Amino acid sequence: MKLVTYKPAGAGPQLGVVVDGYVVNMAEASGGKLPNDMRAFLEMGDAAMQTAQAAATVANAREFGAALDDVKLMAPIPNPSKVVAIGLNYMDHVRESGGSVPEIATMFAKYPSSIIGPGDAIRWNPDVTSKVDFEAELAVVIGKRARNVSEADAFDYIAGYMNCHDVSARDLQIERGDQWIMGKSLDTFCPLGPYLVTRDEIADPHNLRVRCLVNGEALQDSNTKELIYKIPYLIAYLSRGFTLLPGDVVTTGTPHGVGAFRTPPVFLKDGDVVTVEVEGLGQLTNPCVEEG
Ligand code: ZN
C-alpha cells in the first residue's frame, strides 16, 4: 500500500491510502476503525494494517476517495518521536568526502520540527546559512516498538519506506564547529514523502535506484546496494542504544554527488526545485526559498 497523510480543503490531517489515482479516507472507509493520524495507525499494529488493506478497494476509492491530484499531501508522518539519520553510509559518498569507512555507523538526529511534506518550500535565512546542500535518501519507517532487536528479526519491525531529503547546511554542519544536528535540523530541512510505501511492496530495499534532481538535472544517481551498513544492522545497532517507536524514521545515508564535494561546489539557491526519487517510492519535490 501507498499510505498518505493529506489535508482536504477546510479539514485537518487525514490518513489515506492511494488506490487507482484516488486517496481513500481510511477513517471513513473502515467505518471509524482507523484513526486520522499515521503514527496512531502504526501504533495499532498488524490488525490496523490488515483493516487498511481490506479498505483499500476501488469501490471505496469511488465512494470515499478524492482524486490524488486534488488533495494536499503532507509528510506521511508529520510527528514521529524521532528522525535518526545515518551519515557516510555509501561507499561512493565516503570516497568523494575524502574520508574512510566509519568503524561504527555515523549517527545523528534531525529534529521532527524540521519535517515538511511534498511541495512545501525548503526555506533558509542567508544570515544563518549560505551553503544549503541536497541529500537523497531511503528512509525506513518503524512499525513496532523496537528495543534490542536482532539483525535476523529487524525486518519485522519495519512498516515501510519513504523518500527522505536530508537537507544540510554545510557551513553549520562542518565549518562552524562540527554542529551536525544544527546543520541538519533547521526548520523545513527534512522533506518526507509523498507516500509511506508498505514493506510488502519493496522486495529488496538494498537494490533501489536513488536519485536527486536539481532543476531536473540528476546530480545524484546511485543504488541502495552501495549501502555500507545495511538496514538490519542499523536497526539492531540503534535499538541497542534506545527504543525505536512506531512511526520513527531511520534515514539511511546519501550516495555520492552532493553539492559540497563537487568541483566547483553546488549549493541550493532561491527558486531551485529539488526532487528525491528512490525507486518504488514516488517523487518528493520541493521548491527552495531563501528569505532574508
Ligand atoms: Zn544524509
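User: How far apart do the C-alpha centres of domain 1 and domain 2 lie?

Analyst: In this predicted model, the C-alpha centres of domain 1 and domain 2 lie 26 Å apart. The domain assignment of the protein chain places domain 1 at residues 2-73 and domain 2 at residues 83-290, and the contact takes 12 residues from domain 1 and 15 residues from domain 2.

User: Which residues of the largest nonpolar core touch the most other members?

Analyst: The general idea is that, in soluble globular proteins, nonpolar side chains tend to be buried together. Here the largest nonpolar core has 50 residues, and those that touch the most other members are Tyr161, Phe189, Ile235, Leu244 and Leu268. Strand E11 gives the most to this core, with four residues, and the core draws at least three residues from each of domain 1 and domain 2. A second, separate core of 29 residues includes Met38, Ala48, Leu196 and Val249.

User: In what order do the five strands of the open sheet stand?

Analyst: As a general idea, strands of a sheet pair through backbone hydrogen bonds, either parallel or antiparallel. In this structure, five strands form an open sheet in the order E9-E19-E18-E15-E16, and the pairing is mixed. Strand E9 (122-124) and strand E16 (217-223) stand at the edges, each with a single partner strand, so one side of each is left without a neighbour in the sheet. From one strand to the next, the twist averages 15°. Within the sheet, strand E15 (residues 209-214) and strand E18 (residues 273-278) pair in the antiparallel sense over five bridges, and valine 210 stands opposite valine 278 in E18.

User: How many bridges join strand E2 to strand E3?

Analyst: Four bridges join strand E2 (residues 14-19) to strand E3 (residues 22-25), and these strands run antiparallel, with glycine 16 standing opposite asparagine 25 in E3. The hairpin of E2 and E3 has two residues between the strands, and aspartate 20 takes a positive phi near 60° there. Strand E3 is also joined to strand E4 (residues 65-67), through three bridges and again antiparallel, and the bridge partner of valine 24 in E4 is glycine 65.

User: Which residues are the protein donors of the zinc ion?

Analyst: The protein donors are Glu135 (OE), Glu137 (OE) and Asp166 (OD), which lie 1.9 to 2.0 Å from the zinc ion, and along the chain they follow the spacing E-x1-E-x28-D. Glutamate 137 lies in strand E11 (residues 136-142) and aspartate 166 in the loop between strand E12 (158-165) and strand E13 (168-169), so the pair ties together parts that are 29 residues apart in sequence.

User: Is glutamate 137 buried or exposed?

Analyst: Glutamate 137 is buried, with a relative accessible area of 1%, and aspartate 166 is buried as well, with a relative accessible area of 0%.

User: Where is the place of histidine 93?

Analyst: Histidine 93 has its place in helix H5 (residues 91-97), and at 6% relative accessibility histidine 93 counts as buried. Leaving aside neighbours within four places in sequence, histidine 93 is in contact with Leu88, Thr254, Pro255, His256, Val258 and Phe261.

Conventions: Residues are numbered from 1 along each chain as its sequence is written. This is a predicted model: local features need pLDDT of at least 70, side-chain atom pairs count only at pLDDT 80 or more; totals for chains, interfaces and linings use all residues. Side-chain values use heavy atoms; hydrogens and water are left out. Donors are N, O and S atoms within 2.8 Å of the metal (3.2 Å for Na, K and Ca); water is not among the atoms, so sites may look incomplete. Buried means under 20% relative accessible area, exposed over 50%, partly exposed in between (1.4 Å probe, protein chains only). Two strands pair if DSSP finds at least two bridges between them. Axes are lines fitted to C-alpha atoms, for helices over the stretch in contact, and angles run from 0 to 180 degrees between N-to-C directions. A nonpolar core is a set of buried Ala, Val, Leu, Ile, Met, Phe, Trp, Tyr and Cys residues joined through side-chain atoms within 4.5 Å. Domain bounds come from an automatic or database domain assignment. Contact means heavy atoms within 4.5 Å.
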